[in-house]
Amino acid sequence: MNLTLIFRIEAAILFINGFLLIFFTTPFLEMAAFNMTPELVTLGQVFGCAVISLGIIAFRTPDISENSMKQYGQLYSIICVIFFLMIGYHIFTGQASGPTPVANLAINLIFGGLFFIFSKD
């Protein structure tokens, strides 16, 4: 396994999450125990666009990073930690529950670790 593969797998997961947020907003967020409103659907779809945008950046990073691949890996490790902490906080406070946040919590923990490990000098 190498950083290029980790970036590509991370991108695929981000694309899936973004696609689900844009086109299946209500069932995706209901799996996280959210009470759906039209405003939350709108916010979820906008977040889906942001997640897909991050996926595009993750997918293209190995192609454009040249000699900075390890630095980008460290950066993505930090991004995963930020998502891990926020999702963990939402689960801890009861704002979110169910399979969606738990799966995303695990994904961010795993990929944060992988990016960290494979970005070491």
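## Briefing on a predicted helical model

Met69 lies in helix α4, and this residue is one of several places at which the predicted model can be read closely. The largest pocket holds about 620 Å³ of space, and a search of the whole structure finds two salt bridges.

- When residues up to four places away in sequence are not counted, Met69 touches Leu3, Thr4, Phe7 and Pro62.
- Of these, Leu3, Thr4 and Phe7 carry numbers that fall within the span of α1 (3-23), while Pro62 falls within that of α3 (38-64).
- From Met69 to Ile82 there are 13 residues along the sequence, and the distance between their C-alpha atoms is 20 Å.

**The largest pocket**

- Which residues lie nearest the centre of the largest pocket? They are Leu21, Phe47, Phe83, Ile87 and Asn104, and they belong to a lining of 26 residues.
- Two or more residues of this lining are given by each of the elements α1 (3-23), α2 (25-30), α3 (38-64), α4 (69-92) and α5 (99-118).
- Helix α3 provides the largest share of the lining, with six residues.
- Sorted by class, the lining of the largest pocket consists of 19 nonpolar residues, six polar residues and one charged residue.

**Asn104, a residue near the pocket centre**

- Asn104, which is among the residues nearest the centre of the largest pocket, lies in helix α5.
- Is Asn104 buried or exposed? With a relative accessibility of 15%, Asn104 counts as buried.
- The side chain of Asn104 makes a polar contact, at 3.0 Å, with the side chain of Asn17.
- Leaving aside neighbours within four places in sequence, Asn104 is in contact with Asn17, Phe28 and Ile87, and Ile87 is itself named among the residues nearest the centre of the pocket.

**The salt bridges**

- Arg8 and Asp63 form a salt bridge in which the closest N and O atoms are 3.0 Å apart.
- Because Arg8 lies in helix α1 and Asp63 in helix α3, this pair ties together parts of the chain that are 55 residues apart in sequence.
- Asp63 also meets Arg60 in a salt bridge between their side chains, with a distance of 3.1 Å from N to O.
- Asp63 and Arg60 are three residues apart in helix α3, so about one helical turn separates them.
- Arg8, Arg60 and Asp63 are therefore linked in a network of salt bridges, given that a salt bridge is a side-chain nitrogen of Lys or Arg within 4 Å of a carboxyl oxygen of Asp or Glu.
- How accessible are the members of this network? Arg8 is partly exposed, with a relative accessible area of 23%, while Arg60 counts as partly exposed at 39% relative accessibility and Asp63 counts as partly exposed at 45%.

**Ile6 in helix α1**

- Ile6 lies in helix α1 and is buried, with a relative accessible area of 0%.

**Loop residues with a positive phi**

- Most residues other than glycine have a negative phi.
- Ala33 is not a glycine, yet it has a positive phi of about 70 degrees.
- Where does Ala33 lie? Its place is in the loop between α2 and α3, and at 45% relative accessibility Ala33 counts as partly exposed.
- Glu66 is likewise not a glycine, and its phi is positive, at about 50 degrees.
- Glu66 lies in the loop between α3 and α4, where, with a relative accessibility of 70%, Glu66 counts as exposed.

Methods: Residues numbered from 1 in each chain as written. Predicted model: local features only at pLDDT ≥ 70, side-chain atom pairs only at ≥ 80, totals over all residues. Heavy atoms only, no water. 1 Å grid on protein atoms, 1.4 Å probe; cavity = no way out; pocket = protein on both sides within 12 Å on 5 of 7 lines; lining within 4 Å. Points joined across faces, edges and corners; volume = space filled by probe spheres on them. Helix = DSSP H or I, 4+ residues; strand = E, 2+ residues; numbered from the N terminus. Nonpolar A, V, L, I, M, F, W, Y, C, P; charged D, E, K, R; others polar. Buried < 20%, exposed > 50% of the residue type's maximum accessible area, 1.4 Å probe, protein only. Polar contact = N/O pair within 3.5 Å; in protein donor to acceptor, adjacent residues only side chain to side chain. Contact = heavy atoms within 4.5 Å.
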